[in-house]
There are 2 protein chains.
Amino acid sequence: MKTIEVCLSPKLYSDKLTGGKFVTVITDIFRATTSVVAALDYGVKAILPVADLDDARALKQKGYVVAAEREGIKLDFADIGNSATEFFHPELKGKTIAYSTTNGVKAINMSSDASAVVLGAFLNLSAVAEWLSTKNESVVIFCAGWKNKVNLEDSLFAGALASLLTGKFGFTTNCDSVHLSMDLWQVARYNLFDYIEKSSHRHRLAHVINKELVEYTFTPDSTNVVPVFRNGLLVADDL
Amino acid sequence: MKTIEVCLSPKLYSDKLTGGKFVTVITDIFRATTSVVAALDYGVKAILPVADLDDARALKQKGYVVAAEREGIKLDFADIGNSATEFFHPELKGKTIAYSTTNGVKAINMSSDASAVVLGAFLNLSAVAEWLSTKNESVVIFCAGWKNKVNLEDSLFAGALASLLTGKFGFTTNCDSVHLSMDLWQVARYNLFDYIEKSSHRHRLAHVINKELVEYTFTPDSTNVVPVFRNGLLVADDL
């Protein structure tokens with residue numbers, strides 16, 4: 001039986017109850033997973049997630065294009081910041097880009113108990129659901145949160161994905177966080193751009209996330225790209 | 001400025017952002033906090049929370065009345081189980097009762113950074129809100145959860161209390177878990193007895209929690225008793 005479990009914060013991942021083989025879906029809506037999905041959809045060949053700035057600097061020396069920012073501001077040595085729209089340059093097509101994301105690397109490393117790790121965002125919501133439906137495995141949705149705190153945007157994505165998996169693809173659940181996030185999604189889904197204005201992370205990043213980027217980020221299903229983690233790289237696994 | 005923060009699992013308490021002086025409200029709807037509120041309301045003098053069964057056995061030897069159960073079943077050496085209705089015996093009035101609750105003691109110990117620790121349940125929802133409104137301090141709502149997992153019933157209580165504190169008593173928040181739990185409360189509040197049937201904990205305790213106990217547990221405001229933790233004991237602090 002294929003089940004779903006939601007971990008609303010990285011802190012909760014080690015207490016999950018899912019047994020057997022499972023796929024972990026990492027989500028970090030503001031911003032890593034949205035940006036990686038956008039980049040691979042645009043034609044970037046692969047994303048090399050790196051944990052710290054020293055690694056990012058070293059890769060820059062080796063000739064990689066580097067995406068790196070702190071508090072939403074591009075770092076001096078980097079080529080671009082971490083926002084989705086920064087990847088939309090023709091010269092980046094076909095390239096492997098080193099992407100500095102402390103939380104992202106931490107989440108990927110924590111997910112080493114999963115048989116596969118994929119990235120989910122609103123951009124590829126239905127594609128991820130369909131990709132998961134083709135596997136005969138349970139699903140754990142890993143919300144990156146913010147400094148271990150639960151956040152609205154990742155919880156909403158968890159609810160949206162869980163709603164598709166239970167409603168359309170026969171997954172079952174015995175996890176209260178699944179019910180909670182699905183009910184939250186029902187509250188917000190028809191009013192998402194306004195709803196997300198409540199998000200604390202939205203306020204923290206207000207100086208770099210404009211209205212257009214919010215609408216891009218929260219518009220479902222603009223791509224079929226499903227980023228999967230293989231041999232240290234995030235690469236597109238089209239449906 | 002008095003703020004509210006919600007920790008949806010004990011695992012998240014150490015990452016809270018509330019600074020300055022604050023009161024921690026512990027909630028464990030199924031069952032410790034509901035039972036303690038019910039017991040003190042009935043006339044029990046004090047509850048001595050104990051972490052393990054050896055302590056509970058030792059207190060039994062010393063002459064205490066002992067409440068202790070595992071998986072919802074009263075233990076052999078105990079006088080009563082941990083359910084709210086077990087405390088409704090005239091001979092328990094005026095007594096101090098040792099109550100075995102591993103999670104409860106853990107939550108109280110973790111809350112040692114708070115200036116006061118009180119217990120919240122639906123039974124005393126408005127009373128707790130009013131009690132908090134009389135302090136000039138922020139509030140952290142600590143959901144006991146179940147084995148570190150987020151659960152619906154504690155999240156709903158957090159949302160109900162946060163709704164009163166923000167709506168009626170001028171508290172503010174920058175915590176996404178507050179928004180999340182308040183929105184969940186709006187979904188469930190007019191249909192609470194049915195809604196809670198989704199709870200995984202409700203299913204785990206189905207053999208000991210009957211319909212009447214669910215209705216008792218989720219009916220707000222049957223008492224003004226606010227249990228406060230003082231000198232190792234939980235005692236009633238009436239409004």
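Where in chain A is A:Ser100 found? A:Ser100 is in strand E7 (residues 96-100) of chain A, with helices (H or I, at least four residues) and strands (E, at least two) taken as DSSP runs numbered from the N terminus. This is a predicted model, so local features need pLDDT of at least 70 and side-chain atom pairs count only at pLDDT 80 or more, while totals for chains, interfaces and linings use all residues. Residues are numbered from 1 along each chain as its sequence is written, chains are lettered from A and ligands numbered from 1 in the order in which they are written, and side-chain values use heavy atoms, with hydrogens and water left out.

**How the two chains relate**

**The interface**

- Chain A and chain B each put 30 residues into the contact, where contact means heavy atoms within 4.5 Å.
- About 2500 Å² is buried between chain A and chain B, 56% of it on carbon and sulfur atoms; buried area is the accessible area (1.4 Å probe) that two parts lose on being put together, summed over both.
- On the chain A side, A:Lys149, A:Asp176 and A:Leu180 lose the most area to chain B, together 25% of what that side buries.
- Six salt bridges run between chain A and chain B, each a side-chain nitrogen of Lys or Arg within 4 Å of a carboxyl oxygen of Asp or Glu.
- A:Glu5 pairs with B:Lys149 in a salt bridge, with the closest N and O atoms 2.6 Å apart.
- Helix H5 (152-168) and helix H6 (176-188) of chain A each supply at least two residues of the side that touches chain B.
- H6(A) gives the most to that side, with seven residues.
- The chain A side divides into eleven nonpolar, ten polar and nine charged residues. Here Ala, Val, Leu, Ile, Met, Phe, Trp, Tyr, Cys and Pro count as nonpolar, Asp, Glu, Lys and Arg as charged, and the others, Gly among them, as polar.

**Buried spots in chain A**

- A:Ser100 counts as buried at 1% relative accessibility; buried means under 20% relative accessible area, exposed over 50%, and partly exposed in between (1.4 Å probe, protein chains only).
- Leaving out residues up to four places away in sequence, A:Ser100 touches several residues, including A:Val50, A:Leu53, A:Arg70 and A:Asn82.
- A:Glu137 sits in the loop between helix H4 (125-133) and strand E9 (138-143) of chain A, and is buried at 14% relative accessibility.
- The side chain of A:Glu137 reaches the backbone nitrogen of A:Phe22 at 3.4 Å.
- H4(A) has buried residues too, among them A:Leu125, A:Val128 and A:Trp131.
- The buried residues of H4(A) pack against strand E2 (22-27), strand E8 (116-120), E9, H5 and strand E11 (227-230) of chain A.

**Salt bridges within chain A**

- Over all chains, the salt bridge count comes to 20.
- A:Glu69 and A:Arg31 meet in a salt bridge at 2.9 Å, N to O. The two are 38 residues apart, with A:Glu69 in strand E5 (residues 69-70) and A:Arg31 in the loop between E2 and helix H1 (32-42) of chain A.
- A:Glu69 is buried at 7% relative accessible area, and A:Arg31 is buried at 10%.
- A:Asp79 forms a salt bridge with A:Lys60, closest N and O atoms 2.7 Å apart.
- A:Asp79 is partly exposed at 33% relative accessibility, and A:Lys60 is partly exposed at 29%.

**A loop in chain B**

- B:Ala51 lies in the loop between strand E3 (46-50) and helix H2 (53-61) of chain B.
- B:Ala51 and B:Thr101 are 50 residues apart in sequence, but 5.6 Å apart in space, C-alpha to C-alpha.

How values were computed: A polar contact is a pair of N or O atoms within 3.5 Å; within protein, one must be able to donate a hydrogen and the other to accept it, and residues adjacent in sequence count only if both atoms are side-chain atoms.
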